[in-house]
Amino acid sequence: MSREYAREVVLKIADAVSGGEVVPVETAHVSGVSFLTVGEYGVEFLEHLAASGARVSVFTTSNPAAVDLAGVLGVDEAVAKGQERITKALRAMGVNTFFSCTPYEFVITRQRTFHAWAESNAITYINTFRDAWSDKNPGPLALLGAIAGFVPKTPLYTLEGRRPTVLVEVEAGPLGPLEAGAVGALMGEQIGSGVPYVRGLSLTGEGARREFAAALSTYSAMVFAVVEGVTPNWKEYLEIADFREKIRISQGDVAKFLRNDETPDVVYFGCPFADVDSVLWVLAEVKKRGVPKRPIYISTSPGVYGILGRLVEEAERCNVHIFTGSCLVVSPHTRKFRTIATDSLKAVYYIPRLHGVGVVPCRRERCLDLAYA
């Protein structure tokens with residue numbers, strides 16, 4: 001499948017969904033690269049593309065894989081071999097195999113530039129906190145768009161399609177990662193679709209931003225929210241808003257969403273991948289408290305993993321397992337556990353559905369307490 005054929009496929013999709021209109025993209029980020037989720041048919045599709053000589057025409061990154069880059073998560077031979085084939089095919093097409101769900105850490109996405117991203121949390125992050133423009137492109141379309149250099153001009157690639165339609169007043173905060181995720185999940189469940197304009201949202205830091213974006217896109221079809229005072233060009237969005245409904249989210253609403261306190265057998269941080277401050281916070285707490293009774297797993301980006309250096313080995317000796325390139329959502333290693341405590345509402349949603357493993361939602365501090373309980 002040459003670039004010409006990829007262009008033809010994308011144009012046919014555009015005929016169906018955008019009246020034939022397309023937009024050129026600056027970057028792409030492909031999902032569906034874990035052998036656990038795509039299986040043999042997915043591998044064969046990627047290998048067919050690579051063998052046909054297809055090559056990406058824009059800077060393209062990849063989502064987490066089933067196998068982490070340092071071998072912390074044990075997987076069987078079939079999964080390892082399948083993932084190796086996926087990696088080989090992606091590299092042959094020129095895809096950067098960083099295997100990260102937070103490409104916005106190292107990819108500069110400028111305001112109102114077009115991108116073909118497929119990972120919902122990352123799309124929501126750049127849409128909401130940078131006002132870069134991407135719709136939620138299915139994994140194969142993001143890859144074909146990366147090869148062609150363009151994707152269908154769906155509504156989120158237009159100012160009209162980004163017009164706020166729901167006013168959300170948040171009467172809770174400041175919000176840490178778990179509470180931010182709860183607000184995103186509540187918004188997603190109550191609104192479902194459209195573009196929310198969020199007033200009163202106070203996020204404590206980068207971790208909270210990531211969890212808000214991840215939860216909003218996990219619990220709904222939405223991948224864009226305008227946060228008053230935060231989203232670039234928020235004043236312009238307010239001027240063109242057409243509010244059809246209004247909702248309020250209180251501290252009590254957030255508290256009701258966070259109700260499980262079962263004792264886990266493992267604690268997990270990093271869905272989406274943990275930023276460096278979050279990792280260092282966990283390591284500092286462990287240094288003060290000593291080795292936890294229950295293992296702590298932290299997934300992070302290759303960039304943060306590299307920055308940590310020898311701290312990774314020191315953490316391992318303290319029953320803290322830091323890894324990169326994969327996460328407990330897309331790795332079969334997760335099925336070895338019975339119950340996982342986490343501050344990620346995205347993990348709360350996906351892990352039981354994909355692995356049949358119980359999940360305890362808890363604030364970061366409470367999750368750490370459970371590791372010592």
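1. Buried here means under 20% relative accessible area, exposed over 50%, and partly exposed in between (1.4 Å probe, protein chains only). Helices are DSSP runs of H or I with at least four residues, numbered from the N terminus.

2. A word on the model before going on. It is a predicted one: local features need pLDDT of at least 70, side-chain atom pairs count only at pLDDT 80 or more, and totals for chains, interfaces and linings use all residues. Residues are numbered from 1 along each chain as its sequence is written, and side-chain values use heavy atoms, leaving out hydrogens and water.

3. Back to helix 6, which takes in residues 177-191. From first C-alpha to last it reaches 21 Å, close to the 21 Å expected at 1.5 Å a residue (the expected span being 1.5 Å times one less than the number of residues). Just after the helix, Gly192 has a positive phi of about 85°.

4. Now the cysteines. Searching the whole structure turns up one disulfide, meaning a pair of cysteine sulfur atoms within 2.5 Å. The partners are Cys362 and Cys367, with S to S at 1.9 Å. Their link is right-handed, with 100° about the S-S bond, and both residues are buried.

5. What about Cys101? Its closest cysteine sulfur, in Cys327, is 6.2 Å away, too far for a bond. Cys101 is buried, at a relative accessible area of 6%. Cys327 is in no disulfide either; the nearest cysteine sulfur to it belongs to Cys271, 5.3 Å away. Cys327 is also buried, at 7% relative accessible area.

Key
Helices (H or I, at least four residues) and strands (E, at least two) are DSSP runs, numbered from the N terminus.
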